[in-house]
Amino acid sequence: MVGTQRDGTVRGPGRPREERVAGAVLDAVVGLVTEQGIGAVTMDAVAARAGVSKPAIYRRWPTKQDLIIAAAETRIGVLSVPDLGDFRAELRFVLTARLEAYRLPGSGRLLAGLIGASADAGAVRGQYAEYTERITSETRRILERGIARGDVAPDTDVRAATTLVAAPLVFRLVGELEPPDARFVDALVDLVARAVGTGG
């Protein structure tokens, strides 16, 4: 319902409540995954933990898959990297932001669950691919910007280089079960820059 607030401004129809519900639901998903793993994420469990009705969840996220992707995106979402005038600096910006997200409690389980869910027979794989495209879009952009600027080699395979940037932190966390750290980021910046840089 639209109403007038004390300061005379008009309050919109329910947007703050929708945002609160969305936040509570996605926090509930992350909490369940952190404490018990991806198998604990059911619509019943999420509704109970978030204090909302199942219909309210289904209206926004029709499947468990939708919920998991949305929850992952609250932790590992789209970045915006300013033009720093140097590919190395921009690469460090991306990897440091990801490092901070991956070191949050539960991020390892959330990523492992996301990867496992994407391989399920019933998964709509296009949704996972679209999520991956979104979260790696800024890496592609800084590579393309580096090519245009001249500090990334013009014949660089941007898609391959994007994978080269994204994969090591995830594998260190999920595959090697070791939290990545700043020294690992330093090594990755050096390795990637040497692989695709012009040396200029």
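**Fold and selected contacts of the predicted chain**

From the N terminus on, the elements of the protein chain follow the order β-β-α-α-α-α-α-α-α-α-α, giving nine helices and two strands (DSSP runs numbered from the N terminus, H or I of at least four residues for helices and E of at least two for strands). The model is predicted, with local features requiring pLDDT of at least 70, side-chain atom pairs counted only at pLDDT 80 or more, and totals for chains, interfaces and linings using all residues. Residues are numbered from 1 along each chain as its sequence is written, and side-chain values use heavy atoms, leaving out hydrogens and water.

The C-alpha atoms of the protein chain fill a box of roughly 60 × 45 × 30 Å along the principal axes. The average pLDDT (the predictor's confidence in each residue, from 0 to 100) is 89, and 90% of the residues score at least 70. Over residues 1–11 the pLDDT is below 50, and this stretch has twelve contacts (heavy atoms within 4.5 Å) beyond near neighbours in sequence.

Helix 6 (residues 107–118) packs with helix 7 (residues 125–149) at an angle of about 140 degrees, the axes lying 9 Å apart. Axes are lines fitted to C-alpha atoms, for helices over the stretch in contact, and angles between N-to-C directions run from 0 to 180 degrees. Helix 6 is therefore oblique to helix 7 (under 35 degrees is roughly parallel, over 145 roughly antiparallel, 65 to 115 roughly perpendicular and the rest oblique). Leu114, Ala117 and Ser118 of helix 6 meet Arg125, Tyr128 and Tyr131 of helix 7 in this contact.
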